Amino acid sequence: MIPESVNKVRIGVLASGSGSNFGVIAQQAQAPNYPGEIVVLVCNQAQAQARERARHWGIPEHLIANRDYAHREDHDRAVVAALQQQRVELVVMAGWMRVATPVLLAAYPERILNIHPSLLPSFRGMHAVQQALNYGVKISGCTVHIVRLEVDSGPILAQAAIPVYPADTVTSLQQRIQIEEHRIYPEAIAQYIQDGYRVESVGSPTNGAIPATLDQQ
Ligand code: GRF
């Protein structure tokens, strides 16, 4: 009898912190009918709680501290080596506090997913929740997207929206966004695999990429 994992897509997760998204994906990937299995966690922070979660789920983990590398590309080369060693096919960023270099993107073109705590294309980059509060938006949420070179700019796979309340703080809004993250990220990963890693429509004539002229404004 062929083991069920033979047909599962091999997922590598990149995380820098708490790893709560990693945890829920690891849990859901235990289901026999989930189309992917997490075969490695790569972490760049020694103290990250994500590492404990990897031990809990019996997932091999690699600590690759970015401070050991002078250049971002060299760090990404080490990350790619760890992923390739485990024959990773799909990379899932889950609170990975590093900007992907062309080294990582070339190794896994259109095969890297990320979750961002805003309704992209609003509030890209760091401190997205604070930015949303500062702007006074009444609705916020989270976005799962494919990673491209421009930060938080790739084709969108899934989004969830939540109301922003007048009394919200960064902490309270972040907590409610994370509830939605935990719901949509495992689903979006599964859907991406089941769709054959294809995006049907990205709603943009540039196929999701930001034209250089716009990006520089
Ligand atoms: C999430 O809020 C995600 O949107 C952002 O980083 C956070 C990671 O949280 N990219 P966790 O480590 O999964 O708990």
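This briefing describes the fold, sheet, cores and selected residues of a predicted model. The protein has seven helices and seven strands, and from the N terminus on its elements run β-α-β-α-β-α-β-α-β-α-β-β-α-α. Of its 217 residues, 47% count as buried. Among contacts with a separation of 6 or more, 65% are between residues 24 or more positions apart.

**Sheet architecture**

- The seven strands of an open sheet are arranged in the order β3-β2-β1-β4-β5-β6-β7, and their pairing is mixed.
- At the edges of this sheet stand β3 and β7 (156-163), each of which pairs on one side only.
- From one strand to the next, the twist averages 20 degrees.
- Strands of a sheet pair through backbone hydrogen bonds, in either the parallel or the antiparallel sense.

**Strand β1 and its two partners**

- Strand β1 (residues 9-15) is mostly covered, with seven of its seven residues buried.
- Both faces of β1 are covered: Val9, Ile11, Val13 and Ala15 are buried on one side, and Arg10, Gly12 and Leu14 are buried on the other.
- β1 runs parallel to β2, to which it is joined by seven bridges.
- Within this pairing, Ile11 has Ile38 of β2 as its bridge partner, and Ala15 has Cys43 of β2.
- β1 also pairs with strand β4 (residues 90-93), in the parallel sense and over four bridges; here Gly12 stands opposite Val91 in β4.

**Strand β2 and the crossovers**

- Strand β2 (residues 36-43) is mostly covered, seven of its eight residues being buried.
- The chain reaches β2 from β1 through helix α1 (residues 20-28), in a β-α-β crossover that is right-handed.
- β2 and strand β3 (residues 61-63) run parallel and are joined by three bridges.
- Cys43, the bridge partner of Ala15, has Leu63 as its bridge partner in β3.
- From β2 the chain crosses to β3 through helix α2 (residues 49-57), and this β-α-β crossover is also right-handed.

**Antiparallel pairing of β5 and β6**

- Strand β5 (residues 112-116) and strand β6 (residues 139-146) run antiparallel, joined by four bridges.
- In this pair, the bridge partner of His116 is Thr143 in β6.

**Nonpolar cores**

- The largest nonpolar core has 42 residues.
- The residues with the most contacts inside this core are Ile11, Val13, Phe22, Ile38, Leu90, Tyr185 and Ile189.
- Helix α6 (residues 170-194) gives the most to this core, contributing nine residues.
- The core lies between domain 1 (1-109) and domain 2 (115-217), because both domains give residues to it.
- Ile11, on one of the two covered faces of β1, is in contact with Gly36, Glu37, Ile38, Val39, Val40, Val88, Leu90, Val92, Ile189 and Ile193, leaving aside its neighbours within four places in sequence.
- A second, separate core has 21 residues, among them Ile64, Ala82, Ala100 and Leu104.

**Two residues in contrasting surroundings**

- His75 is found in helix α3 (residues 72-85).
- His75 counts as buried because its relative accessibility is 1%, and buried means under 20%.
- Not counting residues up to four places away in sequence, His75 touches Asn44, Ile64, Ala65, Asn66, Tyr69, Trp96 and Arg98.
- One of these contacts, Ile64, is also a member of the second core.
- Pro32 counts as exposed because its relative accessibility is 57%, and exposed means over 50%.
- Pro32 and Lys8 are 24 residues apart in sequence, and their C-alpha atoms are 9.5 Å apart in space.

Methods. Residues numbered from 1 in each chain as written. Predicted model: local features only at pLDDT ≥ 70, side-chain atom pairs only at ≥ 80, totals over all residues. Heavy atoms only, no water. Buried < 20%, exposed > 50% of the residue type's maximum accessible area, 1.4 Å probe, protein only. Pairing = 2+ DSSP bridges. Right-handed = clockwise from strand over helix to strand, strands pointing away. Contact = heavy atoms within 4.5 Å. Core = buried A, V, L, I, M, F, W, Y, C linked by side-chain atoms within 4.5 Å. Domains from an automatic or database assignment. Axes fitted to C-alpha atoms, helices over the stretch in contact; angles between N-to-C directions.
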